[in-house]
Amino acid sequence: MTSPQEAAVAALRGADHVVVTTGAGMSRESGIPTFRDTLTGFWANYSAADYATEAAFRRDPARVFGWYAWRRRLALAAVPHAGYHALLALEGLVGRLDVVTQNVDGLHRRVGSQRVIELHGSLDRFSCLDARHPADAAQVPMPEVDGPYAPPPCRVCGSPLRPDVVWFGEMLPERATADAWDLAAACDVMLVVGTSGLVHPAAQLPHIARDAGATVIEINPDETELTPIAHVVLPGRAAEVLPSLVDSLQRATGNGQRGGEEGRG
Ligand code: OAD
């Protein structure tokens, strides 16, 4: 009997192109709560559904901006866990690896992953509400305490600055989305890590990969909307399952880089 881990290793061994799609669960063990976690502290009673909209920002910019400042502080304080490093190591074991993340915390970039698409934007970037003029993050000081915080004005037009993240009801960035869809259709293996599969259109990526013939491997401690379409399910947490998987792959491939294919296409 082949175990799920063995099946995953076999799929990765034969893969030239791996796409990893990640959601909030990927960052949980780095100290950033998911959207379904029970929170404590000042923002305990406020959820993304309440705040991640343009209407909420126009109604109460200080409250929404303060909520995002809190999330940005969490992200800046977070240290990428062993699962992030495992994905970095996986880059050296397959022909090409792309990360497509719904997370806005920047941890994949910070750990050094080479090809990262941030589908929902980034807490590290800002633009103004009305004209989307980009603004330097250095222009946006971090508040000392949690709570409402008035957004600074755009230096070009005076409109309040907002985080460059995708709010509910907004389109995903066009180029990033097109690239992510192409990658999903072209990969041999898709790893789906720490996402509930409830938020569209990102939740479509594993379906696209599967329909195009890729092996879909899910890593999540819980069953999700995507579990039924996964070929292999590795139940567990990203910080444990990913290092164990990549370790097994390294042992199966004799610990080395891919012979003669170190360059990424
Ligand atoms: P969710 O918060 O919906 O789901 C988190 C998933 O991570 C769940 O399936 C958990 O079971 C799983 N999980 C929890 N701990 C984990 C761990 N240690 N390792 C692996 N998995 C774990 O997050 P997303 O699916 O990313 O959108 O949600 C996507 C979007 O919903 C966000 O990008 C945001 C939000 O509303 C926008 O802001 C547009």
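## Notes on the predicted model

1. Start with D98 and H17, whose side chains are joined by a polar contact of 2.8 Å. A polar contact here is a pair of N or O atoms within 3.5 Å; within protein, one must be able to donate a hydrogen and the other to accept it, and residues adjacent in sequence count only if both atoms are side-chain atoms. D98 belongs to strand β2, residues 96–101. Strands (E, at least two residues) and helices (H or I, at least four) are DSSP runs, numbered from the N terminus. D98 counts as buried because its relative accessible area is 3%. For that label, buried means under 20% relative accessible area, exposed over 50%, and partly exposed in between (1.4 Å probe, protein chains only).

2. A word on the ground rules. This is a predicted model, in which local features need pLDDT of at least 70 and side-chain atom pairs count only at pLDDT 80 or more, while totals for chains, interfaces and linings use all residues. Residues are numbered from 1 along each chain as its sequence is written, and side-chain values use heavy atoms, with hydrogens and water left out.

3. Now the ligand. Which residues come nearest to the ligand? They are A24, R36, T195, S196 and N220, out of 22 residues around the ligand; a residue counts as near if one of its heavy atoms lies within 4 Å of the molecule. By class, this shell has seven nonpolar, ten polar and five charged residues. The classes work like this: Ala, Val, Leu, Ile, Met, Phe, Trp, Tyr, Cys and Pro are nonpolar, Asp, Glu, Lys and Arg are charged, and the others, Gly among them, are polar.

4. Backbone atoms reach the ligand too. A nitrogen atom of the ligand sits 2.9 Å from a backbone N or O atom of A238. An oxygen atom of the ligand lies 3.2 Å from a backbone N or O atom of G194, and a polar backbone atom of Q102 is 3.3 Å from a ligand oxygen atom. On its own the ligand exposes 800 Å², and the protein buries 93% of that. Those accessible areas come from the Shrake-Rupley method with a 1.4 Å probe; for residues, only the protein chains shown count as cover.

5. What supplies the lining of the second largest pocket? β4 (121–128) and β6 (161–165) each give at least two residues, and β6 has the largest share, with three. Five nonpolar, two polar and seven charged residues make up this lining.

6. R132 is found in the loop between β4 and β5 (134–135), and its phi is near 55°, a positive value in a residue other than glycine. Most residues other than glycine have a negative phi, and most peptide bonds are trans. R132 counts as partly exposed because its relative accessibility is 36%. D124, in strand β4, is also partly exposed, at 28%.

7. There is a backbone feature to check at H200 and P201, which are joined by a cis peptide bond with omega about 10°. P201 sits in the loop between β7 (189–193) and α9 (205–211).

8. Is T224 buried or exposed? T224 is buried, at 14% relative accessible area, and lies in the loop between β8 and β9. Its side chain makes a polar contact of 2.6 Å with the side chain of E218, and a polar atom of the T224 side chain is 2.9 Å from the backbone nitrogen of L226. E223, in the loop between β8 (215–220) and β9 (232–235), is exposed at 72%.

9. Last, V64 in helix α5, residues 61–77. V64 counts as buried because its relative accessibility is 1%. V64 and F35 are 29 residues apart along the chain, with their C-alpha atoms separated by 16 Å.
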